[in-house]
Amino acid sequence: MKTHIKLFSTVLVAMALLAGCGKKKAPDGSKAGSSLGGTPAKLTKVELDSVEEVEAFYEADPEFFRIKTTADIPVDLKWEDGSSEKVFASPKAKRGGTLNTSTGDWPRTLRFVGPDASGSFRQYILDSNALILVESHPQSDGYYPSIAKRWAVGSDKRTVYFELDPDARYSDGKPIRVTDFFFHFYFMRSKHIRAPWYNDYYDNKKFKNITLYDSRTLSITYYKAKPDVVEKVSIRPVPEHHYEEIDEDFLKDYQWEFEPTAGPYEVLQENVNDGVAITLTRVPNWWADKKRFHKNRYNPDKIRVTVVREPAKVFELFRKGELDWHGLSLPEYWHEKLPNDSPEVKKGYIHKVKFFNEIPVPTWGMRINCSMPLLDNQNIRQGLHHAMNWALVNKEIFYGDFDRQQTMADGYGKRSHPTVRVREFSVEKAEAAFAKGGFTQRGADGILRNAAGKRLSFTISTGYKRFTDVLTVLKQQAAKAGLELNLEILELTAGWKKTNEKKHEISFGGLNNSVELYPRFFEPYHSYNAYEEEGDKLYNADGSLRAGITPKPDTNNATLTADRDLDKLIKQYREAEDLDEITRLGHELIQRLHDHAGYLPAWSKPWYRVGYWRWVKWPDDFNVKQSRDWDEYHVHWVDTAAKKETQAAKKSGKKFPPVIKTFDQYKLER
């Protein structure tokens, strides 16, 4: 239920008031002075136009939610605006046309957060669409302006100051207000959004305060000095005018209501064809259209996302030209289904590209639910690792194209562990580990049994139908080690839902990692994200887990890893400020998690491959170094004239030069 009882409070910062306030200490401990690094203070104000509940939320935590004056902004800040960074979009880009793509399942909600909000459709409305204060540059270690036109790091290395771009608007035309960043924390901390990960991530343990100085200037203080603090505190605004307050009816009220976005694409109700397709349309007169780092990106006028549940049907529609592109990273697509001598490729209608990127490795693998019977035994888990013949999968299914992922934190440079290596397939080592877990005798079917006669049998659940053949090979090979694997192949959304609810035994899937300086361990491996209970309610005196504890749903700890010593080490890691200390602790965590064996690494690939119809165009160097997929940074465009030309050529038989390219300018020697 929405309420419309409003309170109105105004903090007026006038020049006359500032003149008598003297010099103060800024939130970061540096010397404060006039606004924006020395410019004269102006008559500005911060207006809180909030409903009663939200106002009370702010007032209950005055140390976190602060309103100060421009006189409190340090005079010695070094403001940055990304002007030294290079643009990465192509000046050849053309606006217009419709991009046709697909998703494997109908989204269960248009909400950005809460139950069912992490499905595959989220990338279109949030991950690759929403804007934050400052964006990480995908070609360097720098940043470029987005909602904030400039920023500065305080002397404490924890506080970052931002000046908002006065042009910034939501898709409904409303201006982005500095108070929307206050509301961000109210929203993300609300229990009504049913999103424990967000509740935890944005609490006052990690974010120490947010301070508003005038209608365009704010600062956010992180709990520790970090090398990448600008990235850590660059949050997105949450439009207060859209929500007003969050109550117990949030999930119902906003299930199919699109949140106004600062990004380029929106979902209008008339473009939702229930169960069939959703069409995103470019925001008319989008405010960032001509901004230096957004110009020549987000080029199609429309993105039509059609639900196609069967992978074979997706590929069929792509070859017909009804879908504009299709991933070819799987060897069966690159080598078999669309080989270089296929008619569409030879005639130049479909182009094939392999692009080497440089990013943290997505964690494709198995997440073993350590709360389940038998799987709570470390020996059994380590035996599972040795029973998986990934080398054979790579040879027989992947044409030897893939590498083996070594740990849960590969691809972070020196922050990845230099010597930890994944467990190899070995029947002997698997049997030895299983024997330590009590499974020593094989039955007539070849499957190991323990003294009680229980068979060594587990179910692998996945929403990735396209990897059924991979799991079939693993199942066959595991039987050699006396292990039975049952396969549960679900729809994509249902597969992740089962994992999120922690009802799986073993979950198979992949998660992208954010392109960051160092890996995260709290979210996927701390006990806080495994169980509802904490501290002495979770652990016995000897460090073992108590009986009857409750798995916590909707978190990223899909292995339900909970270890008191590991918790302490993760806490040290989170609090470390020096990059060398972060690296040392990270290495120790990687080793301990390798020993724990809750995560079973699958493959890695330092590239992606895509096939696309020739009317989809790209920059001369194709994409950016830190792109995880071809569409992530929206540097492509649809050439409508080339589309008409190609469609006519298909009828007449006209040919174009074939295009099969490898872009290896970012390839690392391994």
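Let me begin with strand 14 (residues 277-282) and strand 15 (residues 302-307), which pair in the antiparallel sense over five bridges. Strands here are DSSP runs of E with at least two residues, helices are runs of H or I with at least four, and both are numbered from the N terminus. Two strands count as paired if DSSP finds at least two bridges between them. Within this pair, Ala 277 stands opposite Thr 306 of strand 15.

Before I continue, please note that this is a predicted model, in which local features need pLDDT of at least 70 and side-chain atom pairs count only at pLDDT 80 or more, while totals for chains, interfaces and linings use all residues. Residues are numbered from 1 along each chain as its sequence is written, and side-chain values use heavy atoms, with hydrogens and water left out.

I turn now to the helices. Helix 3 (residues 52-59) and helix 5 (residues 179-189) pack at an angle of about 90 degrees, their axes 11 Å apart. Axes are lines fitted to C-alpha atoms, for helices over the stretch in contact, and angles run from 0 to 180 degrees between N-to-C directions. The two helices are therefore roughly perpendicular, a term that covers 65 to 115 degrees. Helix 3 contributes Glu 53, Val 54, Phe 57 and Tyr 58 to the contact, and helix 5 contributes residues including Phe 182, Phe 183 and Arg 189; contact means heavy atoms within 4.5 Å.

Finally, the cavities. A cavity is a set of points, on a 1 Å grid over the protein atoms alone, where a 1.4 Å probe fits but cannot get out; lining residues have an atom within 4 Å of a point. Grid points are joined across faces, edges and corners, and a volume is the space filled by probe spheres set on the points. Six cavities of 30 Å³ or more are found by this rule.

Of its 14 lining residues, Lys 206, Lys 232, Tyr 518, Arg 520 and Arg 574 are the closest to its centre. Helix 18 (522-525) and helix 19 (564-575) each supply at least two residues of this lining.

Terms used. Parallel < 35°, antiparallel > 145°, perpendicular 65-115°, else oblique. 1 Å grid on protein atoms, 1.4 Å probe; cavity = no way out; pocket = protein on both sides within 12 Å on 5 of 7 lines; lining within 4 Å.
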